[in-house]
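Biologist: I would like to learn how to read local features in a structure. Can we take them one at a time?

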Amino acid sequence: MPLIENACFGAARGGHVGCTMAHGAPRKPPRGRDRLVQSGSLSTMRRPCRARSGNLDAEIQVLKEQNLELLAKISARARLKQERAEGGGGAEARRGEEVTPPTTSPRGDGAMDVVYVTAEVSPFSKTGGLADVSKSLPVALAKEAGHNVTVVSPLYGFVRDRYVLGEGVEHPSGVGEVGEGLGGCRLRCVFENVTLDMGRSGKQTIRLYGTRWRHVDWIFVDHPCFQSSSSSPYGDRNGEFIDNPFRFSLLSLAALELPLQWWSSLERRRDVRDDEILFVANDWHAAMVPVHLSRRFRRHGVLKNARCLLCIHNLFHQGTIAPTDHTYGMLGLGDEHRQLLEHCLAPAAFTQPEAYVDAVLDEWDPMRPELGDSSSLGVEGEPCLSVLVAGIRSSDRIVTVSPTYAWEILSRQGFGFGFGLTNELLKRRDDLHGILNGIDGPEEGLCPSSDKLIPHMYSAADLSGKTVCKESLLRELGFLEAGAAAEVPLIGFIGRLDKQKGADVLLDALPRLFDRHQDARVVMLGTGDPSLEQRIQSAEGSFSDNLRGVVGFDVALSHRIFAGCDILLMPSTFEPCGLNQMVAMRYGTVPVVHRVGGLKETVEDYNQRSGTGTGWTFSPCTPDRLLETLSVALSVHARKEEWQALARRCMAEDHSWRQAASQYDALARWTMES
């Protein structure tokens, strides 16, 4: 039955093994490697992480082809197996228009139960791309692959204030299925008095709130630790919350208990302890899911058929904590599991990331791939506890958000973006894959022909509306009053103001940009590092005719920038995937990006002779190279017909979730076989 019909089922069952079990040595889950080798499906698994060739583009292309070929084989084999089991009707049944949730899913219908665990999900909570992916990918898995998907995230204080109904207020009929998207949803209590054993932190009681939208259950874990007055999920003006390890370990344990207690309590749901359930754990915040699963559940025969796929969106954030008894006690594990989290951290990897990258490049030796820890830098490693390291060691499979990023974090030739974890990842290289993220489709309103947040809708067939959007944005920013003509090049930057996103690189390039191209106009939107926020405000004062800086996060303005700008800049130092360049192309705004990670995957360099390409890439990420590449783009912008053809080519690119969902489906089935 739909989630919305199952409110408040009373007290949870007491004494469940997942809540009160004793700790013990882990039992390694069975793997299907030998069987896969015999069938030939494993023949393309090896990664070119030790390649000697200097042609990096060729190596990355080989990696992409290997991933796609392997996933296609797995998907085809799974479909054949399903059709044989169901007499050929499985595909139609699995891809039916209505996707039923785990609460009523008949077993053996080909759909998998997927529990997607994330620290943030748009529009409820958002600080970056993780929230957008956490909203879109589960829906795509339900729609394209027919899986029964449940998203689990914390009920933060600001989420409670906006989305939870008050006491005694009736839940609007049908909201969540026919409301105005997720933003129109309201959450209600669906299960209460769930007790979790958090070890030294004691027994903790949680409640589950939720709704149902687009055939996906959206569940939020309610506990006092999430009820901060801060508008950020992770910290406040004083820094990150000191109890974050406890908060997100609690979230991970709650996600594992959800099928055992909530699903099992439903009237028509049988005992799920032996069910095949796939948990998708996103970043370090959910990396305790595979740890709890392998150490506290499977070794006791509970969830023994469940598997966990760890998704790394950004390896820079690792959930590193001090190696003290107090901090370890926050995680809810017994002392016998402490070694799983122990790691040596190179301080420069976090305090001086650019210097760390340079040092790794200087020390990299293709003949000695084992030199991936802090010793290769000549820096004494500091002992710490890393939640992400524990997740890497415990998960059944690992996936990153683009094939290029998967290559980068495995190889020092990939600019050192392993950030001290390359050795750990090399040990799991056969289980590591890269799947490029997508963006929402036109039906979500993320399209110039249906976007209600822009002044005038338009399409590739008629770009006159984009000109209207540009003139409106120039007027809004005060550029027209400053003497700018509608034909001037308008350049946008949208992103966090930090060194990863390259805001400092852009600011360093601005004086020479405006000196060479006096008609250029730039708008920067973002928030982050206070020093960079101050630099933007100072630069705006120095270049009042050319620059506008908007410090803050404004969704509506970001849409107007996507629609009104000619060029979008993304000078990211590293970018695992990146979504803004895909959105910009859909709006006919040409991207100029650093040739790294997912940016390299999605932006093809413009070739004037062949009339191909969708933008420009540059490397290394320096003000000089950025300025050089941007000057080339501005010279093409001066040729109106050529520029419009380029814009239309950008708009023709398909970056929807359809292909990514198909690849995730194949990887999910392979993970369940492990």
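**Backbone, rings and charges**

Modeller: Asp-283 is placed in the loop between β8 (277-282) and α8. Keep in mind that this is a predicted model.

Biologist: What is phi of Asp-283 near?

Modeller: General idea first. Most residues other than glycine have a negative phi. Asp-283 has a positive phi, near 60 degrees, and is not a glycine.

Biologist: Is Asp-283 buried or exposed?

Modeller: Buried means under 20% relative accessible area. Asp-283 has 8% relative accessibility, so this residue counts as buried.

Biologist: Which loop holds Arg-214, and what is its phi near?

Modeller: Arg-214 sits in the loop between β4 (203-213) and β5 (216-222). Its phi is positive, near 55 degrees, and again the residue is not glycine. With a relative accessible area of 30%, Arg-214 is partly exposed.

Biologist: Next, peptide bonds. Which bond joins Ser-122 and Pro-123, cis or trans?

Modeller: Most peptide bonds are trans. The one joining Ser-122 and Pro-123 is cis, with omega about 0 degrees. Pro-123 belongs to the loop between β1 (113-117) and α5 (129-145).

Biologist: What about the peptide bond from Ser-619 to Pro-620, cis or trans?

Modeller: That bond is cis too, with omega near 0 degrees. Pro-620 is in the loop between β20 and α21 (623-637).

Biologist: On to rings. How many aromatic pairs are there?

Modeller: Ring centres must lie within 6.5 Å to pair. By this rule the count is 14 aromatic pairs. One of them is Phe-316 with Phe-419, at 5.0 Å centre to centre. Planes over 60 degrees apart count as edge-to-face. Here the angle between the planes is 80 degrees, and the pair is edge-to-face.

Biologist: Why does the pair of Phe-316 and Phe-419 tie together parts apart in sequence?

Modeller: Look at where the two rings lie. Phe-316 is in the loop between β9 (307-312) and β10 (320-321), and Phe-419 is in the loop between α13 (403-410) and α14 (422-427), so the pair ties together parts 103 residues apart in sequence. Both Phe-316 and Phe-419 are buried.

Biologist: What kind of aromatic pair do Tyr-606 and Trp-616 form?

Modeller: Tyr-606 and Trp-616 form an edge-to-face pair, with 5.5 Å centre to centre and 65 degrees between the planes. Tyr-606 is in the loop between α20 (597-602) and β20 (616-618), while Trp-616 is in strand β20, so this pair ties together parts 10 residues apart in sequence. Tyr-606 counts as buried at 14% relative accessibility. Trp-616 is buried as well, with a relative accessible area of 7%.

Biologist: Which residues do ring pairs link into a cluster?

Modeller: Phe-124, Tyr-163 and Phe-220 are linked in this way.

Biologist: Now charges. Where does the charged end of Arg-338 sit?

Modeller: For Arg, the test uses CZ, which must be within 6 Å of the ring centre and within 35 degrees of the ring normal. The charged end of Arg-338 sits over the ring of Tyr-328, 5.5 Å from the ring's centre. Arg-397 lies over the face of Trp-670, 4.1 Å from the ring centre.

How values were computed: Residues are numbered from 1 along each chain as its sequence is written. This is a predicted model: local features need pLDDT of at least 70, side-chain atom pairs count only at pLDDT 80 or more; totals for chains, interfaces and linings use all residues. Side-chain values use heavy atoms; hydrogens and water are left out. Rings of Phe, Tyr and Trp (its six-membered ring) pair if their centres lie within 6.5 Å; planes under 30 degrees apart count as stacked, over 60 as edge-to-face and the rest as tilted. Helices (H or I, at least four residues) and strands (E, at least two) are DSSP runs, numbered from the N terminus. Buried means under 20% relative accessible area, exposed over 50%, partly exposed in between (1.4 Å probe, protein chains only).
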